[in-house]
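Please look over the model below before reading the comments. They are set out as numbered points.

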Amino acid sequence: MNKENSNVDKEKVLKAVKSLEGLNPTEWNMVNRAVDEALMKKRKELDVTIKLSSEELSKIIQSGFGYILD
């Protein structure tokens, strides 16, 4: 299992998938859009709280150019 899926409650996901059975494409797009908008709103709220130190920022920028720092 990859790191991204390690915190996933499989039972919860399966229950959600079953509840979406039978949706037509228009209905699915409405659900998808609503979830995307809610997640974007939450991310914007959390993004303002993220702070990087000068050292972290320097490492990020340099790694973007292929430099590896000790």
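The points below go from the chain as a whole to single residues.

1. Basis. This is a predicted model, in which local features need pLDDT of at least 70 and side-chain atom pairs count only at pLDDT 80 or more, while totals for chains, interfaces and linings use all residues. Residues are numbered from 1 along each chain as its sequence is written, and side-chain values use heavy atoms, with hydrogens and water left out.

2. Secondary structure. The protein chain has three helices and zero strands, and its pattern along the sequence reads α-α-α. Helices here are DSSP runs of H or I with at least four residues, strands are runs of E with at least two, and both are numbered from the N terminus. Helix α1 covers 10–19, helix α2 covers residues 25–47, and helix α3 covers 54–64.

3. Overall dimensions. The radius of gyration of the protein chain is 19 Å, whereas a compact globule of 70 residues would have one near 11 Å. That radius is taken over C-alpha atoms, and the globule rule is 2.2 Å times the number of residues to the power 0.38. Along the principal axes, the C-alpha atoms fill a box of roughly 55 × 30 × 20 Å.

4. Burial. What share of the 70 residues in the protein chain is buried? Buried residues make up 0% of them. The classes used are buried for under 20% relative accessible area, exposed for over 50%, and partly exposed in between (1.4 Å probe, protein chains only). The protein chain exposes about 7,000 Å², and carbon and sulfur atoms supply 58% of that area. Accessible areas come from the Shrake-Rupley method with a 1.4 Å probe; for residues, only the protein chains shown count as cover.

5. Nonpolar surface patch. Ile50, Leu52, Leu57, Ile60, Ile61, Phe65 and Tyr67 form a nonpolar patch on the surface, with about 760 Å² of accessible area together. Patches are made of residues with over 30% relative accessible area and no salt bridge; like charges are joined within 9 Å, and nonpolar side chains (Val, Leu, Ile, Met, Phe, Trp, Tyr) within 5 Å. Tyrosine 67 counts as exposed because its relative accessibility is 53%.

6. Charge. The protein chain carries 12 positive and 12 negative side chains, and the centres of the two sets lie 3 Å apart. Lys and Arg count as positive and Asp and Glu as negative, with His and the chain ends not counted. Each charge is placed at NZ of Lys, CZ of Arg, CG of Asp or CD of Glu.

7. The structure holds three salt bridges, each defined as a side-chain nitrogen of Lys or Arg within 4 Å of a carboxyl oxygen of Asp or Glu. Lysine 42 pairs with glutamate 45, the closest N and O atoms being 3.7 Å apart. Both lie in helix α2, three residues apart, which is about one turn of the helix. Lysine 42 is partly exposed at 45% relative accessibility, and glutamate 45 is partly exposed at 41%. Arginine 43 forms a salt bridge with aspartate 47, with 3.5 Å between the closest N and O atoms. These two residues are four apart in helix α2, again about one turn. Arginine 43 is exposed, at 58% relative accessible area, and aspartate 47 is partly exposed, at 36%.

8. Lysine 59 and glutamate 55 meet through their side chains in a salt bridge (3.4 Å, N to O). Lysine 59 and glutamate 55 are four residues apart in helix α3, so about one helical turn separates them. Lysine 59 is partly exposed at 37% relative accessibility, and glutamate 55 is exposed with a relative accessible area of 54%.

9. C-alpha separations. Asparagine 5, in the segment before α1, has its C-alpha atom 26 Å from that of proline 25, 20 residues apart along the chain. Valine 31, in helix α2, and leucine 20 are 11 residues apart along the chain, with 9.1 Å between their C-alpha atoms.
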